Amino acid sequence: MKKLLSVLVASVMMCTALLTGCSAGEEASEGGSASGDIMVGAIYINSQNDTAGYTYAHHNGITTAMENLGLSTTDNLKIIDNVAEDDEQVGTAIDQLAGQGCDIIFGISFGYINAFAEAAEEYPDIVFCHATGYLNNDTNFNNYFGRIYQARYLAGIAAGYKSLELGNNNLGYVSAWGTEYAETCSGINAFTLGALSVNPDAVVHVNQISTWGDQELERQAAEVLISTYNCCVVAQHCDSAQPQIVANEQGVFGCGYNSDMAADAPDAHLTAPVWNWDVFYQLAIETAMNGEAADFYTNIGGNYYGGLSEGMVDISPLTDNNAPEAAEAIAIARDLMVSGEWDVFSGTALVFSGEAGSVSVEQVATDLVTNDGEVIVAAGGPSVDDGVIQGSMNYYVAGVIAEA
C-alpha cells in the first residue's frame, strides 16, 4: 500500500511539475517509451544542460551508453535535475521516476545514498544505482565509482613538470571536501604523489570549501590559492570549471576535473582527470534490460570500481601548455598501472628523470607516510586495499598542506 500511495503521489506531483515548470528537465516531462525495451531514470545534483563538470560528465555518460545500446534518449530517459542532497527531495524525485515507469534509476551524488537505500526496499522491481557511495543490497541496489585516483596521479605528473618549468613549487587544489571523505583525500593524495614523482620539492595547498556545486565558492577558493599561496597550477575536486577559468584569468595553469576543460581555460589548462561513465552506464543498463531487478546484484555485483585498465577513468588530451617531458612520463606511469605492475598507494615511489625524448623512471622503495609522519605503507610494501582508498583514507600524505 505504501508503494502504491507513493506512486500515486508521484504521479500527481509529476502533473503539477508539468504545469508549474519545476526543476525536472525536459526529458523528465515527456511520457512513454518508444521502444518499450527499458525506461531509464536519472537524478542529478546540477543541471543536465551543464557544459562541463560533474553533472555534465554523468549526463554525457548516460546518453552515450543509451545511444550505444540503440535506446532513445528522448523516449527512454527521464531526468530530474537540480536535486539537493536532502533525503526528502531525493525521495520525492525517486517517487516521480517510479511513477513514470522507470526500470532503473541512477543517482549521481553521494548525499543521495540513504534515500536510494530506502527506495530499493520500497520498489523491489526497480534497479537502483548510486554513484560514489558504499551501500548496496543483495538484489536490486548497487554502488559505482572508479579508480579516479589513477588519473589524478597522471595529472599530478603534468602539474609537477609545469612547476619545475616555472620554478615555483606551489601547487593549489580546490576541494569540495577534505578529510571527511576518502574520495577527496585519495584524489588529493594521488595528485600530490604524481607531482612529487617529478618535483620532490612540490607542495600542494588544499583550499576546502565544504560543499558541492557552489560555483562562487569554487572561484573564490582558486583566487585565494593564487593570491595568498602563489600557486602556479590549480587543480580541483569540485563540480564546475570555475577554478580553471580563474587560472586562465590570472595567468597561471590548471588541471580540471570530470570533463576536458581546455575550452573553458585555453591558455591555462594542462589536462583533467576525466570519467568515462558510459563504461558503467552501458553495463548497468544492458544488465537491467536482460534480467529481473532481483537478479541485478548477482549479474553485476554490489560495488563497481573500474580504473584505467577498464577505460572507466583517464585524463583529457594534454594541451600545448604542458612542459615537454609530461607526455612521456605520463605514458610510462599509465602503462605501469594498466599492466598491474604498480599502483599509486604503495611502498614504491616512481621517480622520473631525463629530458624530453629520454624520460626514464626508477621505482624506489619508499615509506608512504601521512603529512604528520605516520607510516601508511612501509617501504617496499604492497598497495593499500581498495576498501581503504574508497572508505577510510581520511588523511593527507606528506606534501599536502590543508589551508582551509
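How many residue pairs are in polar contact between domain 1 and domain 2? The count is 3 residue pairs, both residues at pLDDT 80 or more, where a polar contact is a pair of N or O atoms within 3.5 Å, one able to donate a hydrogen and the other to accept it, with residues adjacent in sequence counting only if both atoms are side-chain atoms.

## The model and its overall form

This is a predicted model, in which local features need pLDDT of at least 70 and side-chain atom pairs count only at pLDDT 80 or more, while totals for chains, interfaces and linings use all residues. Residues are numbered from 1 along each chain as its sequence is written, and side-chain values use heavy atoms, with hydrogens and water left out.

The chain has 12 helices and 18 strands, which are DSSP runs (H or I of at least four residues for helices, E of at least two for strands) numbered from the N terminus. Its radius of gyration, taken over C-alpha atoms, is 22 Å, close to the 22 Å that the globule rule gives for 404 residues, so the chain is as compact as a globular protein of that length; the rule itself is 2.2 Å times the number of residues to the power 0.38.

Domain 1 covers 37–131 and 277–306, and domain 2 covers 148–274 and 314–402, with bounds that come from an automatic or database domain assignment. Their C-alpha centres lie 30 Å apart, and 11 residues of domain 1 are in contact with 13 residues of domain 2, contact meaning heavy atoms within 4.5 Å.

Between them the domains bury about 990 Å², 54% of it on carbon and sulfur atoms; buried area is the accessible area (1.4 Å probe) that two parts lose on being put together, summed over both. Tyr54, Phe110 and Tyr305 supply 47% of the area that domain 1 buries against domain 2, more than any other three residues.

Asp386 lies in helix H12 and Arg147 in the loop between strand S5 and helix H5, so the pair ties together parts that are 239 residues apart in sequence.
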